[in-house]
Amino acid sequence: MYNKVKKFAVSSGLTVEEKAGIAYGNFGGYFVVIHQDPATPARHTVQLWVKPGDITPVPAIVDFVNQCPSKYKYLNTASYSGTKIIAEFWGTGFKWGSEYTPCIESFLKELTDYCRSNQLVTCCESCGGDLGLSLYQIESGEHMLCSSCYANTADQIHQHMNQEAKKGNGNVIGGIVGAFLGALIGVVLWVLIYQLGYISALVGAVMVICALKGYELLGGRLNVLGIIISCVISALMLLLSEQICLAIEIYSAFHNVYSITFFDAFTSTTAFLEDSEVLTSVAFDLIMGYILMIVGAAGSVHAAYKKNKATVDSRMVTSITSTNNIH
């Protein structure tokens, strides 16, 4: 977790779980969660689960929440679903290092003051009940649920897993065709950007992402086999991309001197690789390309794997009803 946010959380009495990327606990009389984005240090989601109490009607919670982004510099979006307030913070610009954490703190103070003044109560995000509540982490998201709603959620997850298992591997041949067509988009981008003298991690990521999407569209199901096939096809297509780039260089250098076509230049690339300088240059491009591809696409591959794996990570983080002074 971003160090300044972590220090703020600890000083506020929140529990910090570094591995899970969350801080949670009682803030201003309400249970809050601060979720750290795993890829961006200054990107956090603040969550609070509340509903109107039985005594006092609450005026325009949605209006209050919707007005918050205009008052807080690093608050991108804020919304209220009827049982859950979600606020997305993102530190951008030059001064966020000193202003970002105080922005989150000020928002939390105003939010909990509002909830307390209007006698909002902590509740289950699914049914709105206020008894037997616990904070659960399901995959990478946090959920405030009562025991009954969590049981229903677990049943739904189990049913979904069974349905996915019945699909088997889907249409593997169709998936291979889809991955190939998707990776072709990356080939075009690679060749275009290479002509400008660059090798881009973005292109490698796009190639893998498009291959994954193509496999899913034509294969019907993107499982572990599909992920492996898509990654292998992307790696091979990167070889093709580099060969096309080399062929373009050969054609540009010799077509005015010799009567050759682009196809001639393409088929002669293996002969030019016998030159040590050409081989070194191509090898460097490929090594850098694969490194950048892995870096750029790792997140998407991991997300695809988690989405389609046989099990779902789920755990109870803490019981809310046992936490003192929670409204």
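**Close-up views of a predicted model**

**Figure 1. Buried residues of helix α2.** In this predicted model, the buried residues of α2 include Ile61, Phe64, Val65 and Cys68. Buried denotes under 20% relative accessible area, exposed over 50%, and partly exposed the range in between (1.4 Å probe, protein chains only). Helices (H or I, at least four residues) and strands (E, at least two) are DSSP runs numbered from the N terminus. Viewed down the axis of α2, its buried residues lie within an arc of 95° and so line one face of the helix; the arc is that of the directions from the helix axis to the C-beta atoms. An α-helix has 3.6 residues a turn, so residues three or four places apart point the same way. The cover over the buried residues of α2 includes β6, β7 and α3.

**Figure 2. Packing of α2 against α3.** The axes of these two helices, α2 and α3, come within 12 Å and cross at roughly 165°. Axes are lines fitted to C-alpha atoms, for helices over the stretch in contact, and angles run from 0 to 180 degrees between N-to-C directions. α2 and α3 are therefore roughly antiparallel to each other, a term for angles over 145 degrees. Ile61, Phe64, Cys68 and Lys71 of α2 meet Phe107, Glu110, Leu111 and Tyr114 of α3, where contact means heavy atoms within 4.5 Å.

**Figure 3. Packing of α1 against α3.** Helices α1 and α3 pack at an angle of about 35°, with their axes 9 Å apart. From α1, Lys4, Val5 and Phe8 make the contact; from α3, the partners include Tyr100, Ile104 and Leu108.

**Figure 4. The largest nonpolar core.** Among the 36 residues of this core, Phe89 and Phe107 touch the most other members. A nonpolar core is a set of buried Ala, Val, Leu, Ile, Met, Phe, Trp, Tyr and Cys residues joined through side-chain atoms within 4.5 Å. Helix α3 gives the most to this core, with eight residues. Leaving aside neighbours within four places in sequence, Phe107 is in contact with Val46, Cys68, Tyr72, Leu75, Ala87 and Phe89. A second, separate core of 24 residues includes Val187, Ala205, Ile233 and Ile244.

**Figure 5. Surroundings of Asp285.** Asp285 lies in helix α10 (residues 276-308) and is buried, with a relative accessible area of 7%. Its C-alpha atom is separated by 7.7 Å from that of Glu242, 43 residues apart along the chain.

**Notes.** Residues are numbered from 1 along each chain as its sequence is written, and side-chain values use heavy atoms, leaving out hydrogens and water. Local features need pLDDT of at least 70 and side-chain atom pairs count only at pLDDT 80 or more, whereas totals for chains, interfaces and linings use all residues.

Definitions and conventions
Angles under 35 degrees count as roughly parallel, over 145 as roughly antiparallel, 65 to 115 as roughly perpendicular and the rest as oblique.
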